[in-house]
Amino acid sequence: RRRGGGEAIQTKRPAIAWALPALVGGVVFANHYARDTPSALQEALEARWPMSSLQFGLLHNVYYVPNVFMPLVAGAMAQAAADATAPLVFFTGCACAGHALWAAGVGARSFPLLLGARCVLGACYEAIDLGSIPFMGPIFRDDWAKVVGVTNALLRVGSVATFGLSPALLAAFGLDAPLYAAGAVGAASFGFALVAQRVVRRVEGDRAPYASLNGSPAPAPPPRLPVQAALAALPAAFWWYALGGALVYAGAVTWLALGSKILAGRFGLSVAAADGLILCPEAAIVVLGPAVGFLVDKKRSALTARLVAAAVSALSFPLAFGAYYGDGSSGLAYGTFVLSAGWSVFNTLFWATITVVSPPEALPVATGVVGAMLNVGPAALPALLAVAPKSRALLALACVSAAGAACLAVAAACVPPPEAPLPPPEDDDDALFGEAPPPRLACRDVSLALAGVAAPVLDRVSLSAAPVSYTHLTLPTKA
């Protein structure tokens, strides 16, 4: 693009920035591969270690409980840090220590060492998953939904990969091989994070020569607020959005934990068949997530539209649970289809919205708040519903999910209406001096002019002839 017919101005981010989604995808792939390996080897661990069912359950409990508060710590760190990539590098580095402890526990056949390793890894898990949002969101402001779709797909591929590869390694080399492999793959996340940090520094170093599409200088990174001020700056729409997401995630994650047993009991399915149906929503994210992200960015969906679409997609949960409440193969097929489609759309829309519903200067702490709230329900609800009758468990999950959809609808209603658009800026300065009379300024435009132009200049220029563009006041320089 050229300014006033003169020198060309670059309008695109550096090409190297597009390496970031792949690098962050590698981080979350490794994170989820290591997280889900014990689940993929549950029967072998209990039979060959030997490990009791209670001990196996403890490996999961110590992993997930810290995520109720650790995202808040990570968000506060990212809010205060001068380098937005520092928390991701820090937590992936801490996870390396956890993976080393895991390998030591495997070699020594020590359950306490494994338990300690899972505790360290669990404390880092959510901070790693969400650690890229504070620096990726501003860089990919106009392409964030695409990035979310791709990274969410890679995240799920990590879970699927360990369920396929770990049993194969078990059959070929014994129990130690897949356990060591989980530690090695998980530790690779630190290398991906270090490379991502270098790329971000390169991109931010190239920020100055770039310009926005209307020819004005590209915006600098927003100033960071103190943590308390950032929390106070979060609007009402954000809190309803976070609460709605927490309720929907509580229903979804609890279903992933208990759904296999419920389906097997209600429909007479084998454990393997029920497990396959439970994985369908996760597999749908791999297929549909990137497509949803590309569509959201192509349509340039506004915040209200995203929240309404997220609320509608969240209704797929109570609809699916209602279908499972009945009997027959048609209800089973309908519920699985609706749940898979709805979960893939909701998941992508929810994370594609966080950079829009949060003020840019408060994005790191907003990410921490969302991460913590999303883990409250999954930490408590499965234990509460595990002993409930299957029909009541389905009803409870449907009610929780419906409440989440309602909160997202309230969030959409809390979004302030957009201001009336101003006319686009002129590319050619001579166009300001044509025969057509300039538009008369409204009172609001006059106040903007008074705020943006020095008083001596205002004394010499007629305000009624001064058109206002999006970004600055343009004053005539010709008679």
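Aspartate 143 is buried in this predicted model, at a relative accessibility of 12%; here buried denotes under 20% relative accessible area, exposed over 50%, and partly exposed the range in between, with a 1.4 Å probe and protein chains only. The side chain of aspartate 143 forms a salt bridge with that of lysine 146, at 3.0 Å from N to O, a salt bridge being a side-chain nitrogen of Lys or Arg within 4 Å of a carboxyl oxygen of Asp or Glu. Lysine 146 is likewise buried, with a relative accessible area of 17%.

The model is a predicted one, in which local features require pLDDT of at least 70 and side-chain atom pairs count only at pLDDT 80 or more, whereas totals for chains, interfaces and linings use all residues. Residues are numbered from 1 along each chain as its sequence is written, and side-chain values use heavy atoms, with hydrogens and water left out.

Six salt bridges are present in the structure. One of them joins glutamate 282 to arginine 156, again at 3.0 Å from N to O. Because glutamate 282 belongs to helix H12 (residues 271-299) and arginine 156 to helix H8 (residues 144-173), this pair ties together parts that are 126 residues apart in sequence; helices (H or I, at least four residues) and strands (E, at least two) are DSSP runs numbered from the N terminus. Both glutamate 282 and arginine 156 are buried. A network of salt bridges with shared partners links Asp143, Lys146 and Asp297. A further salt bridge connects the side chains of aspartate 36 and arginine 35, with an N to O distance of 2.8 Å. Aspartate 36 is buried at 8% relative accessibility, and arginine 35 is buried at 13%.

Valine 150 is located in helix H8 and is partly exposed, with a relative accessible area of 31%. The C-alpha atoms of valine 150 and glycine 25 lie 7.6 Å apart in space, although the two residues are separated by 125 residues in sequence. Phenylalanine 267, in helix H11, is buried, with a relative accessible area of 17%. Between phenylalanine 267 and serine 329 the C-alpha to C-alpha distance is 7.9 Å, across a separation of 62 residues in sequence.

Helix H11 (residues 236-267) also contains leucine 243, which is partly exposed at a relative accessible area of 33%. Together with Trp240 and Val410, Leu243 forms a nonpolar patch on the surface, and the three residues have about 210 Å² of accessible area together. Patches are made of residues with over 30% relative accessible area and no salt bridge, like charges being joined within 9 Å and nonpolar side chains (Val, Leu, Ile, Met, Phe, Trp, Tyr) within 5 Å. Accessible areas come from the Shrake-Rupley method with a 1.4 Å probe, and for residues only the protein chains shown count as cover.

A cavity is a set of points, on a 1 Å grid over the protein atoms alone, where a 1.4 Å probe fits but cannot get out, and its lining residues have an atom within 4 Å of a point. Fourteen residues line the largest cavity, and Ala74, Gly75, Leu130, Gly131 and Thr367 lie nearest its centre. Two or more lining residues come from each of helix H4 (70-80), helix H5 (86-108), helix H6 (111-130) and helix H16 (363-385). H4 contributes the most to this lining, with four residues. By class, the lining of the largest cavity comprises nine nonpolar, four polar and one charged residues, where Ala, Val, Leu, Ile, Met, Phe, Trp, Tyr, Cys and Pro count as nonpolar, Asp, Glu, Lys and Arg as charged, and the others, Gly among them, as polar.

Backbone geometry was considered for two arginines in loops. Arginine 109 has a positive phi of about 50 degrees although it is not a glycine. This residue is placed in the loop between H5 and H6 and is partly exposed, with a relative accessible area of 37%. A positive phi of about 50 degrees is also found at arginine 300, which is not a glycine. Arginine 300 is situated in the loop between H12 and helix H13 (303-314) and is exposed, with a relative accessible area of 53%.

Technical notes: 1 Å grid on protein atoms, 1.4 Å probe; cavity = no way out; pocket = protein on both sides within 12 Å on 5 of 7 lines; lining within 4 Å.
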